[in-house]
Amino acid sequence: MSQYQSDLLRLLEQRGYIHQLTDAEGLDALARKQVVPGYIGYDPTAPSLHVGHLVSIMMLRQLQRAGHKPIVLMGGGTGKIGDPSFKDEARKLLTTDMIAANVASIKRVFERFLTFGDGPTDAIMVDNAEWLDKLEYIPFLRDIGQHFSVNRMLSFDSVKLRLDREQSLSFLEFNYMILQAYDFLELSRRAECRLQMGGSDQWGNIVNGVELARRVDGTQVFGLTTPLLTNADGTKMGKTVGGAVWLNEDQLSDYDYWQFWRNTDDRDVGVRLRLFTDLSLDEIERLTALEGSEINRAKIVLANEATALCRGRDAAISAEKTAAATFAAGGLGEDLPVLMVPSEGIRLGAACTDIGFTASNGEAKRKIAEGAVRIDDEAVSDPGFLIELAPGQERKLSLGKKKHGVLRGA
């Protein structure tokens, strides 16, 4: 039984989104009484967000599903500095034009997850450049800076990590947490925002904003963070050997996006179904109870639902059909041998030997010359053919009618 009374916190708790709350009882009571506008900020450091941002996007979606108002804050202002939280070094500074182009590109993905409009629970999108670009330094120091303790700021884990490693933390970056706190104050004033959400690495920044609103305006606002999401093997979710899993189609194909979810570790299926789909908890429980090779059915459902949300249902259907056609001869899943293809690629002859189809490169050359070797069911006659795959991308390698394997980009 949930410890919360409001639909909002019960939903977030049951699906695994809650890590820390500044005042759980107060937020629970407020969410029962009124529509709560809540925001999450996104700095436009690239043309697309990636799956590492997806927990927060889904949390905005759940906020709206529970009858509250999502606010998407684009960091057109803070993006000029870059969040130093848990980073080893300063971000590369972007020009105003680069930031504007990134904001325009990123905006598209939110329209798939949220309903925007003028209604009380419709999502809105704002850009903090609207107020940060107009700040005057001396008035800002006098009116806002006085409320921040440097001693306390130095105690936050995100700052301590850099200092403990004796890595430079510029004054520019140090100001980031003050600007983020000021964002919360501005959104409280402009949009009656009462909740800031974010990843666990944002806890210090969020607490600063909660305290600033109380000290300057006497307004009670709240903070909520999600757990740090890792894979079952301890690695950070969404990070691949070759880079990020992008949400925008022009950064990553629908098929490769679908395959990312299809390749989920058995142990992570339940968590990902709760966080990244709208399926009911009863349906998720049924799927995660599947055992052995049956769990692959749950992974396909996960891939379809996650892809449908981000890329559209047609993209999910198409990707599943492509996968089924690619692996029809050998079956999906763990029964196929997998060869990880390095970023520099691998020659076809070497791939046949490395995956175990042939005992030597000489034998591989003969089989290739005979037309017995196929990539995605198309014969390739050149043993020196270079196979290059994007990270997570998969292709079927076949020798004759009975030997099939998976080539997967590392």
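These notebook entries record what I looked up in a predicted model of one protein chain.

**Entry 1. Ground rules.** I number residues from 1 along each chain as its sequence is written. Because the model is predicted, local features need pLDDT of at least 70 and side-chain atom pairs count only at pLDDT 80 or more, while totals for chains, interfaces and linings use all residues; side-chain values use heavy atoms, with hydrogens and water left out.

**Entry 2. The chain as a whole.** I looked up the overall extent and found that the C-alpha atoms fill a box of roughly 80 × 45 × 40 Å along the principal axes. The chain holds 18 helices and 15 strands; helices (H or I, at least four residues) and strands (E, at least two) are DSSP runs, numbered from the N terminus. I noted that 50% of the 410 residues count as buried, a term that stands for under 20% relative accessible area, with exposed over 50% and partly exposed in between (1.4 Å probe, protein chains only). The chain exposes about 19000 Å², of which carbon and sulfur atoms supply 49%; the areas come from the Shrake-Rupley method with a 1.4 Å probe, and for residues only the protein chains shown count as cover. I also looked at contacts (heavy atoms within 4.5 Å). Among those between residues at least 6 apart in sequence, 72% join residues at least 24 apart.

**Entry 3. Strand β3.** I asked which strands pair with β3, taking two strands as paired if DSSP finds at least two bridges between them. Strand β2 (residues 37–42) runs parallel to β3 and is joined to it by six bridges; G38 has P70 as its bridge partner in β3. Strand β4 (residues 124–127) also pairs with β3 in the parallel sense, over four bridges, and there V72 stands opposite M125. I then checked the cover of β3 (residues 69–74) and found six of its six residues buried. K69, I71 and L73 lie on one side, P70, V72 and M74 on the other, and both faces are covered. In a regular strand the side chains alternate between the two faces of the sheet.

**Entry 4. A crossover.** I traced β2, helix α3 (residues 54–65) and β3 as a right-handed β-α-β unit. Right-handed means that, with the strands pointing away from the viewer, the path from the first strand over the helix to the second runs clockwise.

**Entry 5. A mixed sheet.** I followed an open sheet of five strands with mixed pairing, in the order β9-β15-β14-β11-β12. β9 (338–341) and β12 (378–379) stand at the edges with a single partner strand each, so one side of each is left without a neighbour in the sheet. β12 runs antiparallel to β11 (residues 373–375), with two bridges between them; R374 stands opposite A379.

**Entry 6. Nonpolar cores.** I looked for nonpolar cores, meaning sets of buried Ala, Val, Leu, Ile, Met, Phe, Trp, Tyr and Cys residues joined through side-chain atoms within 4.5 Å. The largest has 66 residues, and L54, F110 and W261 touch the most other members. Helix α15 (residues 295–311) gives the largest share of this core, eight residues. Another core, of 28 residues, lies apart from it and includes I81, W131, A213 and V221.

**Entry 7. Disulfides.** I searched the whole structure for disulfides (cysteine sulfur atoms within 2.5 Å) and found zero. C310 is buried, with a relative accessible area of 0%, and C352 is buried at 1%.
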